[in-house]
Amino acid sequence: FIVIAMDYLILSRHNIKKVFKNILGLHLGFFIVLALYLLMRTLFVGWSFFKLKPFHASNFTSGTTALWQLFTAIKILIYYLRLLIFPYGLKADYVFAAANFLFEPAVVLGIIVLLSLLFIAIINRKNNPMFSFSIAWFFITVLPVSNLIPSGNIFAERFMYTPSVGFAIAIGFLFSRLRKMNPRLIFLNWRYSVGLIFFLIIIWFGRVTFERNKVWRNDFTLWYETTKAVPNSARAHLNLANVYYQANLLDMAIEENNIALKLHPQSYYVFNNVGNVYLKKGLIDEAIKAYKVAISISADKALAYSNLASAYGKKGMYRESIEASLTALKNNPYQDDARYNLALSYANAGFSDKAIEAYEEYLKVQPDFPGVHVDVGYLYYNKGDLEKAKQHWLKAIRISPNLPQVKDALKLLKGVEIPAR
């Protein structure tokens, strides 16, 4: 659509017949690439976001009227424009309530701004096509992220990356026109004054970027600052809980997860994370309960089933772990952790052949995991297949030369030299 808008406004100068002619000639490559992308997306990835329900997102409340998505999209458009013009109050997450009423002030303002920009684009299409194109660019690129179809994230600053190109074109156009006006001033040179204003704006934007870089320095600073700026953001508290989990600050992780649960009680991700924290603390029964709640909430159950399999395995419930791992792989055949848990549980339950099969499948996608090579090597060794045991153990020592388990394993094979580092 951007290509067609550019052709109509700039290349073909409003000649519709020439635009259609260019689509079949000059622009054909763009449409072929688009068709290939849509085909591959349909065949290999799918369009899962069409199946999303509003409660799967944590940064907005779904509306009650049939038109709430349209009203909310208009309301949020104003906020996007405000951030482009005055980028203050920036945050990694935003929380919005749905607009349910046409005459809500923010919706009314959004409609006025929307119609005004469209009117400006239309009246300038002949004399100032580049300016009209900048407006068209903005609206065309903001449409996919407008959440007319809920995508699970109603607002994010990164959604403005592409639309901001249109804004930059418009600003450049306006400043170039201002410099050409050249009115007579007593104490100032007009062209230098416009240039100075433009330079000061760049300095201000640069300062904002510098300050935001401090916040984005690492995961902790990002999500800690976001919880302070947006205390009712379940996503911010959830991500801060993950940071604490990675740092082994498990009590603090539980505290942040509990806040996230109060804000978003039906969050699959929060219950899954609660289970992870409990599992790391050794509270296996509590972890199992949390994973089961996560499974009951979401249609995408693969991750929670995989984690549930790990919890069952740690408790010695290998048959339950096998069942959970198989269910995870049924939901998502590419869930590598589930395949690893499956292999581990098969081995612990005494199903050596199935364990070897599962380990070999896992190694096809994770070939550089030395611990797995060691484990599957022992399975082959116990079966009497010394050659395959040796192959896996030698691969393990090439990946991690100082791993003591590999050296101990190779000592079981007579005549095998341990490679020097």
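What share of the 421 residues in the protein chain is made up of buried residues? In this predicted model, buried residues account for 41% of the chain. The chain contains 20 helices and two strands. Among contacts between residues at least 6 apart in sequence, 54% join residues at least 24 apart.

**Nonpolar cores**

The largest nonpolar core has 51 residues, and the members that touch the most others are L308, W393, V406 and L410. Helix α13 (residues 284–297) supplies the largest share of this core, with eight residues. A second, separate core comprises 24 residues, including L83, A121, V145 and F155.

The surroundings of W393 can be listed individually. Leaving aside its neighbours within four places in sequence, W393 is in contact with H373, V374, G377, Y378 and Y381, and also with V406, A409, L410, L412 and L413. Two of these partners, V406 and L410, are themselves named with W393 among the core residues that touch the most other members.

**Two helix pairs**

Two packed helices are described by the angle between their axes and the distance between the axes. The table gives these values for two pairs.

| Helix pair | Axes come within | Crossing angle |
|---|---|---|
| α11 (residues 250–263) and α12 (residues 268–281) | 10 Å | roughly 160° |
| α14 (residues 302–314) and α15 (residues 318–331) | 8 Å | roughly 165° |

With axes crossing at roughly 165°, α14 is therefore roughly antiparallel to α15. The crossing of α14 and α15 is left-handed. On the α14 side, the contact involves A302, Y305, S306, L308, A309, Y312 and G313, which meet Y318, E320, S321, A324, S325, T327, A328 and N331 of α15. By class, eight residues of this contact are nonpolar, six are polar and one is charged.

Helix α11 contributes L250, D251, A253, I254, N257, A260 and L261 to the contact, while α12 contributes V270, F271, N273, V274, V277, Y278, K280 and K281. The residues of this contact divide into ten nonpolar, two polar and three charged.

Key
Residues are numbered from 1 along each chain as its sequence is written. This is a predicted model: local features need pLDDT of at least 70, side-chain atom pairs count only at pLDDT 80 or more; totals for chains, interfaces and linings use all residues. Side-chain values use heavy atoms; hydrogens and water are left out. Axes are lines fitted to C-alpha atoms, for helices over the stretch in contact, and angles run from 0 to 180 degrees between N-to-C directions. Helices (H or I, at least four residues) and strands (E, at least two) are DSSP runs, numbered from the N terminus. Contact means heavy atoms within 4.5 Å. Ala, Val, Leu, Ile, Met, Phe, Trp, Tyr, Cys and Pro count as nonpolar, Asp, Glu, Lys and Arg as charged, and the others, Gly among them, as polar. A nonpolar core is a set of buried Ala, Val, Leu, Ile, Met, Phe, Trp, Tyr and Cys residues joined through side-chain atoms within 4.5 Å. Buried means under 20% relative accessible area, exposed over 50%, partly exposed in between (1.4 Å probe, protein chains only). Angles under 35 degrees count as roughly parallel, over 145 as roughly antiparallel, 65 to 115 as roughly perpendicular and the rest as oblique. A crossing is left-handed if the near helix is turned anticlockwise from the far one by less than a right angle, and right-handed if clockwise.
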